[in-house]
Amino acid sequence: MHSGFLLLLWLIGVALVQFMPTGVLIGLAVACLAIAGMAAGGRLVRLLRRTRFLLLAIFVLFAWFTPGEAIFADWPHASPTREGLALAGRHLAHLAAVVGSVAVLLERLPVDRLVGGLHALCRPLAWIGLPVERIALRLLLVLRYVESSTVDGAGDWRAWLMGEGRVAGSERVRLTVEPVGVRELVLGVFVAGGLLWWKLG
């Protein structure tokens, strides 16, 4: 399937998650984490480790700073609130669903296809003068360099900051442009029809 279409489906899914009831959202978050754990366990662990402070901040800010009924009535000033815990759980479920889906997406899409998909989605912006090809190629170079640094450790970002990083030689890069097939067009019509039906319903 076209990588741009996969990215578009992912973006639509992330947007729709915002409108789901809390029970459905929590179930979806658990399912996303479970699927990501089976399909991209290592990448999921790395993403969760990188977002741990964001997850903690969301929990603390919503649980303790949302007005409402205190969980511990004897310590109302130091207690989280019921309303805050509900909001924290909902926002954490949002983030967990997104992190899980991102882990699967990055595991299944090589860097070349990922950048090619972003290029396909951003191509209409060229009509307003945005240099889409140049941005895509620079993003491809950065992602390739970051990916190689995580594999062999030779290009660690701390070494870059200290001026000790590996200096890359000249490299020829090619931007992958995938053709849009009949399957993507048919699925696109179904997705657009489903969104229109949901919006009008």
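This is a predicted model: local features need pLDDT of at least 70, side-chain atom pairs count only at pLDDT 80 or more; totals for chains, interfaces and linings use all residues.
Figure 1. Residues are numbered from 1 along each chain as its sequence is written, and side-chain values use heavy atoms, with hydrogens and water left out. R43 is partly exposed too, with a relative accessible area of 22%. The side chains of E107 and R43 meet in a salt bridge at 3.0 Å, N to O. This pair links distant parts of the chain: E107 sits in helix α5 (residues 82-108) and R43 in helix α3, 64 residues apart. A salt bridge here is a side-chain nitrogen of Lys or Arg within 4 Å of a carboxyl oxygen of Asp or Glu.

**Figure 2. A salt bridge between E69 and R82.** How many salt bridges does a search of the whole structure find? The search finds two, and this view shows the one in which the side chains of E69 and R82 meet at 3.5 Å, N to O. E69 has 46% relative accessibility, so it counts as partly exposed. R82, at 45%, also counts as partly exposed. Side chains of opposite charge can pair when their charged atoms come close.

**Figure 3. The aromatic pair of F59 and W64.** The structure holds one aromatic pair. F59 and W64 form this pair edge-to-face, at 5.8 Å centre to centre and with 80° between the planes. For reference, rings of Phe, Tyr and Trp (its six-membered ring) pair if their centres lie within 6.5 Å; planes under 30 degrees apart count as stacked, over 60 as edge-to-face and the rest as tilted.

**Figure 4. A nonpolar patch on the surface.** F59 and W64 turn up again here, together with F53, L56, V60, L61, F65 and L85, in a nonpolar patch with about 800 Å² of accessible area together. Which helix gives the largest share of the patch? Helix α4 (residues 52-65) does, with seven residues. V60, a patch member, lies in helix α4 and counts as partly exposed at 32% relative accessibility. Patches are made of residues with over 30% relative accessible area and no salt bridge; nonpolar side chains (Val, Leu, Ile, Met, Phe, Trp, Tyr) are joined within 5 Å and like charges within 9 Å.

**Figure 5. A patch of positive charge on the surface.** R46, R49, R50 and R52 gather in this patch. Helix α3 (residues 41-50) gives the most to the positive patch, with three residues. R50 has its place in helix α3 and, at 60% relative accessibility, counts as exposed.

Figure 6. G37 lies in helix α2 (residues 22-39) and counts as partly exposed at 39% relative accessibility. A86 lies in helix α5 and is partly exposed, with a relative accessible area of 49%.

**Figure 7. G181 and M1, 180 residues apart along the chain.** Where is the place of G181? G181 is in the loop between α8 (157-161) and α9 (182-200). With 27% relative accessibility, G181 counts as partly exposed. The C-alpha atoms of G181 and M1 are separated by 8.3 Å. Stepping back to the whole chain, the secondary structure comes to nine helices and zero strands, where helices (H or I, at least four residues) and strands (E, at least two) are DSSP runs numbered from the N terminus. Buried residues make up 25% of the 201 residues in the chain.

Key: Accessible areas come from the Shrake-Rupley method with a 1.4 Å probe; for residues, only the protein chains shown count as cover. Buried means under 20% relative accessible area, exposed over 50%, partly exposed in between (1.4 Å probe, protein chains only). Lys and Arg count as positive and Asp and Glu as negative; His and the chain ends are not counted. The place of a charge is taken as NZ of Lys, CZ of Arg, CG of Asp or CD of Glu.
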